[in-house]
Amino acid sequence: MPRKPTSAQAAVPSVDRVLRAPAVVALAAVHGRVSTRDAVRETLAELRAEIARDGASADAGAAIETVSDRTASRLAAAAQSTLRPVFNLTGTVLHTNLGRAIIPEAAIEAMVRAARAPVSLEYDVRRGRRGDRDSHLDALLCRLCGAEAATVVNNNAAAVMLILNTLALRRDVPVSRGELIEIGGAFRMPDIMARAGARLIEVGTTNRTHLEDYAAALGPRTALIMKVHTSNYVIEGFTACVPEKALGALAHDHGLPFAVDLGSGSLVDLRRFGLAHEPTAAEVLDAGADLVCFSADKLLGGPQAGVIAGRRALIARIKRNPMRRAMRLDKIAIAGLEATLRLYLDPERLVRALPTLRHMARPPEEIAALAGRLALRIAAALGQSVQVDCAPAESQVGSGALPSSRLPSTAVVIRARVRRRGAGAALARIESAFRALPVPVIGRVHDAALWLDARCLDDEDAFAAQLDQLSAG
Ligand SMILES: *Cc1c(COP(=O)(O)O)cnc(C)c1O
């Protein structure tokens, strides 16, 4: 009888032997030799450790197939980006954690073009000399906002910082106590103002601020008056705030600029699409604001950016601030924003062209029909262990836009069919099974069920095609 190896670990094959196996040669052709060799080494080390711990049979460890299978999984996991496409069935159209606006197709094409080849980013092709990267957006923004001048930075937080740092460094800025917002991700207006070097002068109270409160706060150190759109909450009941027109007039009486942080900043009147009214940049400038700033990846529906629009002299000062260099847009974002803004020149086709608007304005009966089809397919995939229904749901716009608007929608509602004590764990398994799909499905757990709001689902077939991989235990 042949002698058994003295140690099971000795039976683990050598790296070289594994690398010669046909299956592993094939892996190397896909993943490269260096990564494959490293993965084989890691797999073998893992096997040796397992054998040492569990005394697993040497034969199992020695099998080249075991090593190559594990190496394949290891390489596949390492090759997968952590930035993955997902299905957003949360019911929040502009979900900050899921990347906010879906970029319109025209903008995607423009971004790819700008990525692929040199572009005239800061080069005036006509004159053959240096140009300005804002020049690609200036005219469009001025036209769409009704502004004299405009500039763009990395996001709206940067826009707020730059306005304050340029116009209010070491000076006072009165802001209503009702507008000292915090939005997700540690953006707090008082903190931003402090870092921008401006002194916040709180005026009024949480629920009521009057024109006299602002007037009393003005002094020789005042740099500007600022109004902040309360984008992610509403104050209801016994409330008062000062409209833009009156605040602008007060500022101008004192020779001060009036700036508005609009947050979402729509470029069109959303009532045209059956949605609630959100002040547009043009309306705010028209009401007397000298500067307005807003995000490009919220209601506007484009790539991440912050727009500042308003008076020419103020924009010129802002553009001269050396800090702007730290906040400037790259060629890809500029290309995407330009293409997105061009879509607004044809409002008739906007709903079709702009995914954000299409999702917000999607007819409820279309969503209900889609949810009905999804429910059937999900029920078929999950079998008897779950109960699948359709139920009315309320979507929201998200990202601090139209905070009190609820958009009537329909969700597929999935419940585990188990006795109450196991229900929590069973629901958690269902939820994680959807997240474990090749394109993870992100829903919302509510009322002991998983809710999949159908509003933002575009590719029904791709969604359905992966359902057979659901294994909800
Ligand atoms: C969203 C928002 C911001 C921050 O905008 P980002 O583009 O996320 O940087 C600032 N102010 C208000 C009022 C907002 O709603």
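Axes here are lines fitted to C-alpha atoms, for helices over the stretch in contact, and angles run from 0 to 180 degrees between N-to-C directions. Helices (H or I, at least four residues) and strands (E, at least two) are DSSP runs, numbered from the N terminus.

This is a predicted model, in which local features need pLDDT of at least 70, side-chain atom pairs count only at pLDDT 80 or more, and totals for chains, interfaces and linings use all residues. Residues are numbered from 1 along each chain as its sequence is written, and side-chain values use heavy atoms, with hydrogens and water left out.

**Helices α2 and α3**

Helix α2 packs against helix α3 at an angle of about 130°, and their axes lie 7 Å apart. Contact means heavy atoms within 4.5 Å. From α2, V24, L27, A28 and H31 meet R33, S35, T36 and V40 of α3.

**Strand β4**

Buried means under 20% relative accessible area, and exposed over 50% (1.4 Å probe, protein chains only). In β4, 5 of 5 residues are buried. A149, T151 and V153 point one way, A150 and V152 the other. β4 runs antiparallel to β12, joined by 5 bridges. A150 stands opposite A309 in β12.

**Helix α9**

M189, I192, M193 and A196 are buried in α9. They fall within an arc of 100° seen down the axis, so they line one face of the helix. The arc is that of the directions from the helix axis to the C-beta atoms. On the other side, A194 and R195 are exposed.

| Element | Residues |
|---|---|
| α8 | 156-167 |
| β5 | 172-176 |
| β8 | 199-203 |
| β10 | 258-263 |

Definitions and conventions: Two strands pair if DSSP finds at least two bridges between them.
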